[in-house]
Each structure stands twice: as C-alpha cells, then as structure tokens.
Amino acid sequence: MAEPKNEDFLDDIEQAEAEEHALANEEISDTDAEIETLRAERDALQDKFMRALADAENARKRSDKDRREAENYGGSKLARDMLPVYDNMKRALEAATEEQKQVSAALLEGVELTMRELLNVFSRHGITRISPEVGDRFDPQQHEAMFEAPLPGTKAGDIIQVSTEGFMLHDRILRPAQVGVSSNHG
C-alpha cells in the first residue's frame, strides 16, 4: 500500500488559507476604498454646505445694508427736488423791502412759517443745511466753488461769497453749498 503524501495535503491547506486570506484582504481593501470614497464625498458635501452657508450669510448682510440704504437715502430724489422750493422761499423773504414787510406782514409771516415747517420736515428726514459763512475755509467735500477772485484782506481758499446753501442727507451731499473763493496768494 502506498502512503498518502502529507505534503500535498498541507500544500492544499496552505493554498486554501492563502486564497481565503487574499479574499479577505481584497474585501478589506474594497471596504477601505469605499470608506475613502465616502469620506471624500462627505468632505466635498461639507465644503459645499459651508460655502452655501457663507453665501447665505453674505446675502443676508448685503440685503440688510441695502434695506438700510433704501430707508436712509430712498427719498433723496424727492429731497433734491424740494431744495429749489426752499431756495425760492428764502429769496422771497430776502427780497421783501421794509415797506413791503409792513404792508404784507401776514403774507410774509405765512411764508416764514411755511419755510420753517419745510426745514422741520427736512430735519425729521435727516436733511441738514450746509451754511458756510464769509471767511470760512473752502471745503471741497461740502462746497462748490462758483468763481475765484482776489479780494484784499483774505487768504487763498477763504470763502468770500455764499451764493446758495448746500444740503446733506445723513452723511451724503444732496447739493454742495455754492460759494465764491478768494484766490489771493499773500
């Protein structure tokens, strides 16, 4: 009788174990690859989420700023259109002579009251006057130079005449004050 080869049997076991081990490693590497894919997908989705969250926050801030600006400056066209009304009322009061003031006192008082109410309305809506005086320094942020002229006794850049008052709406210029400026260099 022939003896069975023990070595062949052991080779078969070793081969089966190796195949089983390779199969397990393949499953593990497939699982690892799947985990890595899922992690990458999760990271990409998290990045998209964070960007969308930041965009939403920026949009909220932008809309808040736009709303505040519309609230503060939305009426600037109407306010600009009302400035000539103020100018004309002021000219009417300045043009009245002493004789006219005595004869038409009630009429002039009505114009003064109307002008005062207009200024109160301006004030309630954040509109303020820019009223430079002769001798003040010219400020290009608030004044518009209508002309330059040398005037004795003044320095260059001094206001020598005020043609029209200016107005601001909160922190923005509606109309600069129109002034004449000294051009003396001495």
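Trainee: Two strands pair if DSSP finds at least two bridges between them, so over how many bridges do strand β4 and β5 pair?

Mentor: Strand β4 (residues 166-169) and β5 are joined over three bridges, in the antiparallel sense. Strands here are DSSP runs of E with at least two residues, helices are runs of H or I with at least four, and both are numbered from the N terminus. This is a predicted model, in which local features need pLDDT of at least 70 and side-chain atom pairs pLDDT 80 or more, while totals for chains, interfaces and linings use all residues. Residues are numbered from 1 along each chain as its sequence is written, and side-chain values use heavy atoms, without hydrogens or water.

Trainee: Thanks! Which residue stands opposite methionine 168?

Mentor: That's isoleucine 173, in β5.

Trainee: And what is the strand order in that open sheet?

Mentor: The order is β1-β4-β5, three strands with antiparallel pairing. At the edges are β1 (127-130) and β5 (172-175), each with a single partner strand, so one side of each has no neighbour in the sheet. From one strand to the next, the twist averages 35°.

Trainee: Which strands of the sheet does α2 touch?

Mentor: Helix α2 packs on the sheet and touches β1, β4 and β5 (contact means heavy atoms within 4.5 Å). The direction of α2 makes about 45° with that of β5.

Trainee: Switching topic: how many aromatic pairs does the structure hold?

Mentor: There are two aromatic pairs. In one of them, the ring centres of tyrosine 86 and phenylalanine 167 are 5.2 Å apart with planes at 85°, so the pair is edge-to-face. Rings of Phe, Tyr and Trp (its six-membered ring) pair with centres within 6.5 Å; planes under 30 degrees apart are stacked, over 60 edge-to-face, the rest tilted. This pair links distant parts of the chain, with tyrosine 86 in helix α2 and phenylalanine 167 in strand β4, 81 residues apart.

Trainee: Back to helices: at what angle do α2 and α4 pack?

Mentor: Helix α2 (residues 76-95) and helix α4 (residues 105-124) pack at about 150°, and their axes, lines fitted to C-alpha atoms over the stretch in contact, with angles from 0 to 180 degrees between N-to-C directions, are 10 Å apart.

Trainee: Who meets whom there?

Mentor: Among the residues of α2 are Met82, Tyr86 and Leu93, and α4 brings residues including Leu108, Met115 and Phe122.

Trainee: What about the other sheet, what order does it have?

Mentor: This open sheet runs β2-β6-β3, with mixed pairing. Its edges are β2 (143-149) and β3 (159-164), each with a single partner strand, so one side of each lacks a neighbour in the sheet. The twist here averages 25° from one strand to the next. β2 and strand β6 (residues 177-182) pair in the parallel sense over six bridges, and phenylalanine 147 stands opposite glycine 180 in β6.

How values were computed: Two strands pair if DSSP finds at least two bridges between them.
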